[in-house]
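Student: I would like to go through the covalent and charged links of this chain, and for each one to hear how the label follows from the value.
Tutor: Then let us look at the model together and take the links in turn.

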Amino acid sequence: MGEFKIQSGTLIVILIIISLILISWIGGWECLNNSDCNEDETCTVKHTCYKLVIPEKTVYITEAKYTGAALILGIAIIISSLVLNKNNFKFLRKK
């Protein structure tokens with residue numbers, strides 16, 4: 001079998017290249033934790049500062065207004081009782 005030897009100079013150059021790539025990759029990060037971002041931003045997994053968007057909550061207050069429906073129902077009951085009390089209908093006449 002052949003022997004595989006790496007020269008010390010070649011190893012140093014490879015380590016320098018790997019460390020430069022690693023440093024430039026980490027240096028491109030915008031943040032490492034939330035303290036690196038502004039107050040209203042958070043640090044994401046991709047190491048970028050992200051401003052949280054909190055939607056405004058609008059509260060709609062709707063009141064149940066049944067007075068109109070109750071008035072119509074009351075008038076209908078009164079009219080039906082007046083009509084039925086006149087005994088003008090054949091099915092209501094006593095035999």
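Tutor: A disulfide is here a pair of cysteine sulfur atoms within 2.5 Å. The model is predicted, and by this rule the count comes to two disulfides.

Student: What makes Cys31 and Cys43 a disulfide?
Tutor: The sulfur atoms of Cys31 and Cys43 are 2.1 Å apart, and the cut-off asks for a pair within 2.5 Å, so the two cysteines qualify as joined. The torsion about their S-S bond is 90 degrees, and the link is right-handed.

Student: Why are Cys31 and Cys43 called buried?
Tutor: Buried means a relative accessible area under 20%. Cys31 has a relative accessibility of 1% and Cys43 has 17%, so each of the two values falls under that limit and both residues count as buried.

Student: What is the pairing when the bonded cysteines are numbered in sequence order?
Tutor: Numbered in that way along the chain, the bonded cysteines pair 1-3 and 2-4.

Student: What makes Asp40 and Lys51 a salt bridge?
Tutor: The closest N and O atoms of Asp40 and Lys51 are 3.5 Å apart, and the rule asks for a Lys or Arg side-chain nitrogen within 4 Å of a carboxyl oxygen of Asp or Glu, so the pair meets it. Asp40 sits in the loop between helix H1 (8-27) and strand E1 (41-43), and Lys51 in strand E2 (residues 49-51), 11 residues apart. A search of the whole structure finds one salt bridge.

Student: Why are Asp40 and Lys51 called partly exposed?
Tutor: The partly exposed class lies between the buried limit of 20% and the exposed limit of 50%. Asp40 has a relative accessibility of 40% and Lys51 a relative accessible area of 48%, so both residues fall in that class.

Key
Residues numbered from 1 in each chain as written. Predicted model: local features only at pLDDT ≥ 70, side-chain atom pairs only at ≥ 80, totals over all residues. Heavy atoms only, no water. Helix = DSSP H or I, 4+ residues; strand = E, 2+ residues; numbered from the N terminus. Buried < 20%, exposed > 50% of the residue type's maximum accessible area, 1.4 Å probe, protein only.
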